[in-house]
Amino acid sequence: MSKTNIKPVGSHVIVQRSTPSEKSAGGIVLPEKAKDKPTEGKVIAVGNGKVMEDGKRQAMQLKSGDRVLFTTYGGQEIKVAGESYIVMEESEVLAVIA
């Protein structure tokens with residue numbers, strides 16, 4: 001991400017999806033089409049927070065570097081400088097992995 005200057009706005013976050021597993025739990029090598037997209041990734045950048053009705057910004061709970069879990073169909077996939085990322089609302093993130 002250091003090669004590009006992409007900054008999410010509002011309550012959006014940019015996540016880089018983890019690499020899919022090459023093998024099944026039983027050790028079978030999976031073809032590309034059979035691999036499930038991981039629902040885990042690393043937060044690359046966060047916006048400056050949602051604007052509330054009173055004009056103040058709600059602080060973001062996530063920060064760059066957090067490992068997170070999200071829904072399978074969460075966010076919008078984008079490509080920047082040959083790298084794939086997901087732009088999603090902070091509310092689409094289900095959990096932070098400690």
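Colleague: What share of the residues in the protein is buried?
Modeller: Buried residues are 29% of the 98 residues. Keep in mind that this is a predicted model.

Colleague: Okay. How many helices and strands are there?
Modeller: The protein has 0 helices and 6 strands. Read from the N terminus, the order is β-β-β-β-β-β.

Colleague: And which residues make up the largest nonpolar core?
Modeller: That core has 11 residues: Val13, Val15, Val43, Val46, Met60, Leu62, Val68, Phe70, Ile86, Met88 and Val93.

Colleague: Which elements give two or more residues to this core?
Modeller: Those are β1 (12-17), β2 (40-46), β3 (67-70) and β5 (83-89). There is also a second, separate core of 5 residues, which includes Ile14, Ile44, Ala45 and Val80.

Colleague: Let me zoom in on Val15. What does Val15 touch, leaving out residues up to four places away in sequence?
Modeller: Val15 touches Gly41, Lys42, Val43 and Ile44, then Val68 and Phe70, and also Tyr85, Ile86 and Met88.

Colleague: Nice. What percentage of the contacts with a separation of 6 or more is between residues 24 or more positions apart?
Modeller: Such pairs account for 61% of those contacts in the protein.

Colleague: Changing topic to charges: how many salt bridges does a search of the whole structure find?
Modeller: The search finds 3 salt bridges. In one of them, the side chains of Arg17 and Glu77 meet at 3.3 Å, N to O. Arg17 is in strand β1 and Glu77 in strand β4 (residues 76-80), so this pair links distant parts of the chain, 60 residues apart.

Colleague: With which residue does Glu40 form a salt bridge?
Modeller: Glu40 pairs with Arg67, and their closest N and O atoms are 2.8 Å apart. Glu40 sits in strand β2 and Arg67 in strand β3, so the bridge ties together parts 27 residues apart in sequence. Glu40 is partly exposed at 26% relative accessibility, and Arg67 is partly exposed at 40%.

Colleague: Asp66 next: is Asp66 buried or exposed?
Modeller: Asp66 counts as buried, because its relative accessibility is 9%. Asp66 forms a salt bridge with Lys63, with the closest N and O atoms 3.0 Å apart. Lys63 counts as exposed, at 53% relative accessibility.

Conventions:
Residues numbered from 1 in each chain as written. Predicted model: local features only at pLDDT ≥ 70, side-chain atom pairs only at ≥ 80, totals over all residues. Heavy atoms only, no water. Core = buried A, V, L, I, M, F, W, Y, C linked by side-chain atoms within 4.5 Å. Buried < 20%, exposed > 50% of the residue type's maximum accessible area, 1.4 Å probe, protein only. Helix = DSSP H or I, 4+ residues; strand = E, 2+ residues; numbered from the N terminus. Contact = heavy atoms within 4.5 Å. Salt bridge = Lys/Arg side-chain N within 4 Å of Asp/Glu carboxyl O.
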